[in-house]
Amino acid sequence: MPTHEALHALLVRLDGRSYPAYKELRGSWRMPGFRLSVDHVQGDPFAAPSRVSAHLPPQTAGLEPWLLESEARRLGVAVWLARAFSEGAEGRHTTGSGRSGAVGMASPGQLVLAQTAVRVRPDGSVEARFTVGLPARGRRIMGREAADLLTGAVPALVRAHLAEGAHDPADLRRAAAVNEDAEALRSRLGEHGLVAFVADGSVLPRRSGVDDRPLATGAVPFRSPASLRVTLPTPNGGGVAGMGVPAGVTLVVGGGFHGKSTLLRALEAGVWNHRPGDGRERVVTVADAVKVRAEDGRAVTGVDISPFIGDLPSGDHTRSFTTRNASGSTSQAAALVEALEAGAGVLLMDEDTCATNFLIRDRRMQALVPAGKEPITPLVDRVRELHREAGVSTVLILGGSGDYLDAADTVIGMDAFRPHDLTARAREVAAEHPAGRTPPEGLPPLGPRAPRRLADRAIPGGRGGSGEGSRGPRGLRVRVLDERTLRVGEERLDLAAVEQILLPTQLQTLAALLEALDRRRDWVAETVPGVARSLADRLAADLDHADPRARGDLALVRRFEIAAALNRLRTLELQG
Ligand code: ADP
Ligand code: MG
């Protein structure tokens, strides 16, 4: 393997040549203490930057054996290293065109989840994938700057953030321990009959709607009501006390601005783990909890929403409901049925993003609009059955309607950011003030719906697909347009309402998965949840299954996020 001196000499020799000569960098270079692999060389200084990776053997990574003993510990460490490197690389530039001199690594944000930026192997070796902007003036190679970058700045970043001695050993131990504890807490939920757990002392509010870090000042730490408090064991942190959210139907009530939505958002994010110091590192939700909300305007393809919505005045049948422009209630019914289809065990809903007529229909409205004229069976009439018949729990934030008090197993009241157990009081109120609603009759059962199988043309640009122009020479192109949107061939795929996608890297992964579907075609005649599940399984085994090109910008998504993306494709086509 050529050495860093050879790399330096090559770069000096390339000085002044035209940009494509950088292709000579491809391959592996022996650097002091690590191997640098140049995996992809950009075509010009304005293109997406070049992809490189640093491979540190166990001796130079210097991670103590305890950190390597479990997958959860290794992941905690890997993400700690990734955050340090990505922050350390920020803002580096040299003179030159485009992104000359910039070094970038995908940031894990506040989350701790499998990602490809930094990986720690069981033997203690470390692989870090990042990008470099190879320097140029116009289209002329700036060889000396490139030499400074690759044989100076990059090894310095590796030493400062990845190699032995880069971190206080106590920080690494904490990153490993906190992540292992979060995994342990989640694994205990089932045996305690819980769907979520919020440790006492957790800090749930965020700095702002666009800043996921904890609120810096004035945050009221979480404190469980005594009646809901459980203590769960952890391998590193001993017994952790906090509020258990029981399986069944849980209602969170309270006045406006008392922290209800903030609690629900923490539960949504609790399917992922969080970094030490996030405030939510000991907030965990079962892994199959899915946020469900209204999303008017979305496309729906062949979803049986008849348990909630009978045939529509338009004459549309709801046993196989298709629209390119769903209403609030039909979009929420579709999202709920799709979540069940994908295997959700818990549904999370917030009044702020629900369609009112999907949630409730009170006595007076029942009297005014006769049952035969209203296609919607509100969730309040089915939420108990969801748990009893289908084993699916619901956590619902609802400050504005008391009709759910009859349906709830647990009622949590938020008052000035403090939760209270209002279950007993809610029973009294329900008895004193009967809702007086007429229970609906003859509803279709909530059981499994007819399978939705993908047609050959399901993925746009696929063989015989609709958008011919959407296929490049290598097949369907899927790109991340912005934080919430993909472009799939010619179509925009809006994922803003899939709220448990929290990182740009998760969006990149979904884009890669969709693009690969066009090449693989083994999904034809498979069901939507079946495809989502097999992709998620492959991804969980190795993220590089999404894209074999050694990318550093991929992160884990669940089958629910994959199914959500498939279900929102405007070009989705089903068999039959
Ligand atoms: P609700 O859904 O009950 O109307 P939100 O959850 O939207 O209330 O919270 C209202 C505001 O209070 C938000 O700005 C949020 O960041 C802040 N907040 C929420 N929880 C806390 C807390 N524990 N301590 C301090 N501020 C909080
Ligand atoms: Mg709210």
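Hi everyone, a quick word on the ground rules first. This is a predicted model, where local features need pLDDT of at least 70 and side-chain atom pairs count only at pLDDT 80 or more, while totals for chains, interfaces and linings use all residues. Residues are numbered from 1 along each chain as its sequence is written, chains are lettered from A and ligands numbered from 1 in the order in which they are written, and side-chain values use heavy atoms, with hydrogens and water left out.

Let's start with the ligand. Which residues come nearest to ligand 1? Of the 14 residues around ligand 1, they are V220, F257, K260, S261 and T262; here, near means that a heavy atom of the residue lies within 4 Å. The shell divides into 6 nonpolar, 7 polar and 1 charged.

Now zoom in on the polar contacts, pairs of N or O atoms within 3.5 Å. V220 has a polar backbone atom 2.8 Å from a nitrogen atom of ligand 1. S261 places a backbone N or O atom 2.9 Å from an oxygen atom of the ligand. T262 uses a polar side-chain atom, 2.6 Å from an oxygen atom of ligand 1. On its own, ligand 1 has 560 Å² of accessible area, and the protein covers 79% of that (Shrake-Rupley method, 1.4 Å probe).

On to the sheets. Helices (H or I, at least four residues) and strands (E, at least two) are DSSP runs, numbered from the N terminus, and two strands pair if DSSP finds at least two bridges between them.

One open sheet has 6 strands in the order β18-β21-β22-β15-β23-β24, with mixed pairing. Its edge strands, β18 (289-291) and β24 (418-421), each pair on one side only. Strand β23 (residues 410-415) pairs with β24 in the antiparallel sense over 4 bridges, and D415 has R418 in β24 as its bridge partner. Helix α7 (residues 260-269) packs on this sheet, touching β15, β18, β21, β22 and β23; contact means heavy atoms within 4.5 Å. Helix α8 (residues 328-341) also packs there, touching β18 and β21.

The other open sheet has 3 strands, ordered β27-β28-β29, with antiparallel pairing. Why is one side of β27 (478-482) and of β29 (491-494) left without a neighbour in the sheet? Because these strands stand at the edges, each with a single partner strand. A hairpin joins β27 to β28 through 2 residues, and 4 bridges link β27 with strand β28 (residues 485-488). Within that pair, V480 has L486 as its bridge partner, and D482 stands opposite T485. Helix α13 (residues 504-520) packs on this sheet, touching β27, β28 and β29.

Conventions. A polar contact is a pair of N or O atoms within 3.5 Å; within protein, one must be able to donate a hydrogen and the other to accept it, and residues adjacent in sequence count only if both atoms are side-chain atoms. Ala, Val, Leu, Ile, Met, Phe, Trp, Tyr, Cys and Pro count as nonpolar, Asp, Glu, Lys and Arg as charged, and the others, Gly among them, as polar. Axes are lines fitted to C-alpha atoms, for helices over the stretch in contact, and angles run from 0 to 180 degrees between N-to-C directions.
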